[in-house]
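Dear colleague,

Please find the structure below, handed over for your use. My findings follow directly after it.

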Amino acid sequence: MTYLAKPKFHHPGLPKNDLGFTHRDYEGSISTLCAGCGHDSITAAIIEACFELSLPPHRIAKLSGIGCSSKTPTYFLGNSHGFNTVHGRMPSVLTGANLANRDLIYLGVSGDGDSASIGFGQFAHSIRRGVNMVYIVENNGVYGLTKGQFSATADRGSKSKRGAINTDSSIDLAAVALQLGATFVARSFSGDKAQLVPIIKAAIEHEGAAFIDVLSPCVAFNNHTGSTKSFDYVREHNEAVNFLDFITPRAPIKVAYEPGTVQIVEQHDGSKLALKKIAADYDANDRVGAMTFMQVHTAKGQIVTGLLYVEPESEDLHGHLGTVAAPLNALNEKELCPGSAALEKINASLR
Amino acid sequence: MKPTDISAPDYFHKVVDCQWACPAHTPVPEYIRLIAAGRYSDAYMINWESNVFPGILGRTCDRPCEPACRRVRVEKEPVAICRLKRVAADFKDDIKGRLPKPATSKNGKRIALVGGGPASLTVARDLAPLGYHCVVFDQDPKSGGMMRTQIPKFRLPETVIDEECNYILSMGIEFVGGKRIDSLKSLLSENWDAIFVGSGAPRGRDLDIPGRKEAAKNIHIGIDWLSSVSFGHINKIGKRVIVLGGGNTAMDCCRSSRRLGGEDVKVIVRSGFEEMKASPWEKEDAMHEDIPIINFLVPKEFTHENGKLTGILFEKVKAVRDEKGRRDLLPTGEPDQLVPCDDVLVAVGQENSFPWIERDTGIEFDKWGMPKVDPKTMRSTNPKVYFGGDSAFGPKNIIWAVAHGHDAAISIDKYCSGADINDRPPPTVAVLSQKMGIHEWSYDNEIAPDKRFRVPHRDKVVALRDIRAEVELGYDVELALKESHRCLNCDVQTVFTGSLCIECDACVDICPMDCITFTENGEEADLRTRLEAPAINFTQDLYVSDALKTKRVMVKDEDVCLHCGLCAERCPTGAWDMQKYLIDMTHADHQCRAPARSAA
């Protein structure tokens, strides 16, 4: 960790966004993670994404559980709402918060331990319900805080720093999210911000459960030969299916592409994603195709990255439940307690 | 771009902007750290080796280092480098024991130095300890040259001049005061082994307009007048004074006038206020003493009555730019303005003057009447005769004179020992890791957000009463400590070892100034547009690594790096390290012969 605060001075030519903020304004306090941790790069990517989207920091809620990954919300968006839940319970707290105040942008940050072990069920249900959120798993395959035991996402056959071989099957959280009905599923790599930042931006714009599995090498315990989550291994086995070139809020896409090289996905709010194809026959709107593609390539030892699946006509939990359009804190007493006559009416409808 | 060769001595030298800008290449951050550590004597000696007159320069330097200071680019105001130098001089202990001893045995070579100012004294300081017999001639009774005669005592007390000149003269140097050299030819006939000319730019430019002769009694040439004031020959002036000219001499003239009875003192310049040659701080100090600076007035005539000056008639002008962008002063057409006054000080420039150098001494002059001098060796066309200071290339300043002196001393030493004067040893460079432990560095890497601290001044009423009362009181220890913390330690370099890098981006993410980028290589012009933050300051280099594992390169824009070391703190593999760069400029007194000093 670093003891000094990051100096407040910034580059005099730093660009400003529509709100007049520089990306420095989206920072939190200085990271206490190990030097070189992939999580810090994801932190930087989140900062960059929020900066580029010109999000007002006070309209974002960041929630996390326990673990190295779950410490990171302290290091970004210092002026946003935050909730550090007990281990693995971030999805429930996020769901509750979202139901109470649907106007905020919800950013769930979790790790492979928090989401694939103790909070696996929580993860599953929040995805299944389609909570409108960005769910980022900072996936390093080890329990870093307890000195590097294999986590549930460690690949079978991979080697720990001490030389032990993992004999358990791994959980592929992106595959599980696809199977559970997530309407936005992506995988990326902490060492590739060019890929990661646009994905986070698109996930924030997406309405519904957006899940991003980010491989994030643990420099202290999982960056050695034999690891399948090291910088070198991920770079060598990265099989990107597409590159999210840019997203346009509502304006038409101006750049001309060769036919067949780009897939344009229009989202619920009218924003458009331009997906530059890398794997020619990959269709990011095909859930079953995506699952098959991933299975095939994972079997070959490849790590499939990119925007794996996006459902254009997505709907979130509020849509399913038909909840009131305003956040609960915006309702007055009369609206919250409509009186005994209204209760009678409800009761009658249930008889 | 090709990978940066950081072993070239100049590469990191340029990153230390202040040191690079200093003609004598004083290791500025090094001495500022010593001041912060309370090691004033050590800080003084570092200065003394480079610039010879720390106490004098700490009050009077033109400070080319300060506009260059990186702090200007990341904050606003530079570190008060000059005034911190003074702190070292003010709070040092007795350092006489640390000065070079007079040579125990002489080498039999005799060097004549014409003029007793900073250039000559530097040459003598560098040569005397090597065994040379140096004789300094000056027209004035005391040494110091323009430092003593032209800089008013309220800016530079006599005691400081005496102290620092005596450090040099006590190294066994002969000073012949009150002797003006009138003929180089006869000096050459005295069989000196080498002659150094450091006679300055002693002639003040006059203003030949109507009325000059008639009113001559109350019209004075600035530098001559200052010199007379300095030696006590003049101690009063009229109540209404006009100073013509916009340089530092003009500022000294007007402020001196205020102390000698001038109540209504004005500075009047031809061109615009912004274009004045005087340092901004000197203009400020003058205005603080209720001296208005009036611009765009061209003097046309000295008005007089019965042989006595009554005022100056000015033509009003405005600045107009022609199509080539050159500035021209054109009359506005408004009626001329008469400004009444009792005395006029003309400070419109200085000139070199070499009536004492016969044209058949082997010294060639150019069409402007300046000797032809090699800017590297300071040698004239006569192999025995060397020039330095204002007499070499026209009026500059003290710190340039010192730099010339060092260079000339090397040449004279080489020449007298039969070596080739063009064969000059390069400066020695030491680069040393500052890592002491995990997140522990041997320098203070925390960045102080403070604004520049003001130097306390003497109360104006008291200061104006006595021309010898120093106006600036200097920083006290507490202020000096605070100001020294503003230094960004630009000499502690970010050194990158590509073979250790795992491209985790930790340095990119932590860098507060967005200096570091990992990207595909390209031509410089293209690379500069592809960095994390725009690299639009073309005077600052890009530090480019070899191709890394992913075939990308690391590019660091040196421009606004705070040298905070966070890249090195966040680097998991030690690919970044903070290393102190110390360059020891070649002087005649050491590297030419003995090994260099070590890092403090």
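Helices (H or I, at least four residues) and strands (E, at least two) are taken as DSSP runs, numbered from the N terminus. On that basis, chain B comprises 22 helices and 24 strands. Please note that this is a predicted model, in which local features need pLDDT of at least 70 and side-chain atom pairs count only at pLDDT 80 or more, whereas totals for chains, interfaces and linings use all residues. Residues are numbered from 1 along each chain as its sequence is written, and chains are lettered from A and ligands numbered from 1 in the order in which they are written.

Overall dimensions of chain B

Along the principal axes, the C-alpha atoms of chain B fill a box of roughly 90 × 65 × 50 Å.

The parallel sheet

Chain B contains an open sheet of 5 strands in the order 3-2-1-4-16, with parallel pairing; two strands pair if DSSP finds at least two bridges between them. Strand 3 (174-176) and strand 16 (385-387) of chain B are the edge strands, each pairing on one side only. Strand 4 (residues 194-197) of chain B is joined to strand 16 of chain B by 3 bridges, and B:Phe196 has B:Tyr386 as its bridge partner.

Packing of two helices

In chain B, helix 3 (residues 28-36) and helix 19 (residues 477-484) pack at about 135 degrees, with their axes 9 Å apart. Axes are lines fitted to C-alpha atoms, for helices over the stretch in contact, and angles run from 0 to 180 degrees between N-to-C directions. The two helices of chain B, helix 3 and helix 19, are therefore oblique to each other (under 35 degrees counts as roughly parallel, over 145 as roughly antiparallel, 65 to 115 as roughly perpendicular and the rest as oblique). B:Ile32, B:Ile35 and B:Ala36 of helix 3 meet B:Ala480, B:Leu481 and B:Ser484 of helix 19, contact requiring C-beta atoms, placed from the backbone, within 7 Å.

The interface between the chains

In total, 24 residues of chain A are in contact with 30 residues of chain B. Helix 1 of chain A gives the largest share of the side of chain A that touches chain B, with 4 residues.

Yours sincerely

Note on methods:
Contact = placed C-beta atoms within 7 Å.
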